[in-house]
Amino acid sequence: MIPVFKPKITNRDINSIKKSLNKNEISGSFGKSINDFEENFSKYIGTKYAITTSSGTTALHLAIDILKLPKKSEIILSSCTNIATALSIVHNGHVPIPVDSDINTWNIDINKIEKLITRKTKAIIIVHFLGKPVEFEKILYLKKKYNLKIIEDAAEAHGAIYKKKKVGSLGDLSCFSFYANKIITSGEGGMICTNNKTYKNRIQLYKNLGFTTPRFKHFINGYNFRMTAIQAALGNSQLSNIEKIIKIKIKIAKNYIKNLKNIPELEMPKCEDYERNVYWQFGLLIKDNSKIKKNKIINHLKKNKIDTRSFFFSIRNQPSLKKVIPRNIPDTPISNKLWKQGLYLPSSHDIKNSEINFVCDKIKELFK
């Protein structure tokens, strides 16, 4: 089976973990691996601070929590995203307001955001879907006009660039995931980036059970959202190789585009001159006029031992969120379409050109 993704762990990564173990730097409370990873990641993204967490989901949870928003605040988010983005809102006692996708970028439709802003709206979470940066000028305009906080969900976009600035340095806070299938991995783990010292101090306090002095006397109800030193050692080693990985990702995408560009029924990701799309996964959208539907492609590839994944189910219509999302929020027809007609193809860091050609040949068989 050619998997959608498998992590690539190098000898350097393994040696970094061994060094951490040999120094008894194991948990999140001991050793310098955590500090090294945070300092190096903040330098890479271009923010003053970076704080490790136990996952991308807990990063999102903390980012919302430390903003101290009034209970049941409305938080706008991209509708085509992993449910973790919405759950971070719900678990903080707030209301997710999903906005439909843009058919051209597959990111949030920026032109539909303002109509959904009310006096209860306090923040927007922007998802850089599949590694493509969101157009940020309009977001910053809305931030200023309505006094909103902006959180970037950059779980899929490590190293992506929008107009010479790294994704993750554009909002008030940004959240990254280091799950096994991300651009770089620490197994599990996440990171929050910010330029705000108050936010940084709150995050460090809240993620570590609220420990202050005297020890074991707690003045806030914190969380155990710490990353382990072992994970940080792996993440830091992977970070040192991130630009090479991104070049590989871009090369994979260009190979797919070259192979599949003559199939008019398929829509492929776009990249503007002023941005760097890191193509976390290579996505395809089957057009409305195609006689070959998504499930037929998935089944055909599966028979040929090629794995695929669907795009995300629209947050607006998630069964678990029906009682939380206000009924008057418009449906999301484009996000629904992305779910019904979108999928992504194998994009492992070490996928071979011959494997990409094989995947494309099997797709071409269906469209002959």
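Biologist: What covers the buried residues of helix H10?
Modeller: Their cover includes E12, H9 and E14. The buried residues of H10 (residues 333-341) are Ile334, Ser335, Asn336, Leu338 and Gln341. This is a predicted model: local features need pLDDT of at least 70, side-chain atom pairs count only at pLDDT 80 or more, and totals for chains, interfaces and linings use all residues. Residues are numbered from 1 along each chain as its sequence is written, and side-chain values use heavy atoms, without hydrogens and water.

Biologist: Why is E12 called mostly covered?
Modeller: Five of its five residues are buried. One side holds Phe282, Leu284 and Ile286, the other Gly283 and Leu285, and both faces are covered. In a regular strand, side chains alternate between the two faces of the sheet.

Biologist: What makes E12 and E14 a pair?
Modeller: Two strands pair if DSSP finds at least two bridges between them. E12 and E14 have four bridges, in the antiparallel sense, so they pass. Gly283 has Tyr344 in E14 as its bridge partner. Strand E10 (residues 266-267) also runs antiparallel to E12, with two bridges. There, Glu267 is partnered by Leu285 in E12.

Biologist: Why is strand E8 called largely enclosed?
Modeller: Five of the five residues of E8 (residues 173-177) are buried, so the rest of the structure largely encloses it. Leu173, Cys175 and Ser177 lie on one side, with Ser174 and Phe176 on the other.

Biologist: Which strand runs antiparallel to E8, and over how many bridges?
Modeller: E9 does, over five bridges. Cys175 is partnered by Ile192 in E9. Strand E5 (residues 149-153) pairs with E8 in the parallel sense, over three bridges. Glu152 stands opposite Ser174 in E8.

Biologist: What is the order of strands in the open sheet of seven?
Modeller: The order is E1-E9-E8-E5-E4-E2-E3, with mixed pairing. Strands E1 (49-53) and E3 (95-99) are the edges: each has a single partner strand, so one side of each has no neighbour in the sheet. From one strand to the next, the twist averages 20 degrees. H2 packs on this sheet, touching E1, E8 and E9, at about 130 degrees to the direction of E1.

Biologist: How do you know that H3 and H4 pack, and at what angle?
Modeller: Helix H3 (residues 56-65) and helix H4 (residues 83-90) have axes 9 Å apart, at an angle of about 35 degrees. Thr57, Leu60, His61 and Ile64 in H3 meet Ala84, Thr85, Ser88 and Ile89 in H4. These contact residues divide into four nonpolar, four polar and no charged. Contact means heavy atoms within 4.5 Å. Axes are lines fitted to C-alpha atoms, for helices over the stretch in contact, and angles run from 0 to 180 degrees between N-to-C directions. Ala, Val, Leu, Ile, Met, Phe, Trp, Tyr, Cys and Pro count as nonpolar, Asp, Glu, Lys and Arg as charged, and the others, Gly among them, as polar.

Biologist: Which residues bring H8 and H11 together?
Modeller: Ile252, Asn255, Tyr256, Asn259 and Leu260 in H8 meet Asn353, Ile356, Asn357, Val359, Cys360, Ile363 and Lys364 in H11. That contact holds seven nonpolar, four polar and one charged. The axes come within 10 Å and cross at roughly 35 degrees.

Biologist: What makes a set of residues a nonpolar core?
Modeller: They are buried Ala, Val, Leu, Ile, Met, Phe, Trp, Tyr and Cys residues joined through side-chain atoms within 4.5 Å. The largest such core has 62 residues, and those with the most contacts inside it are Phe41, Tyr256, Leu260, Leu284, Leu345 and Ile363. Elements giving two or more residues to this core include helix H2 (33-45), helix H8 (242-260) and helix H11 (353-367). H8 gives the most, with eight residues.

Biologist: Which residues are in contact with Leu260, leaving aside its neighbours within four places in sequence?
Modeller: They are Met268, Leu284, Leu345, Cys360 and Ile363.

Notes: Buried means under 20% relative accessible area, exposed over 50%, partly exposed in between (1.4 Å probe, protein chains only).
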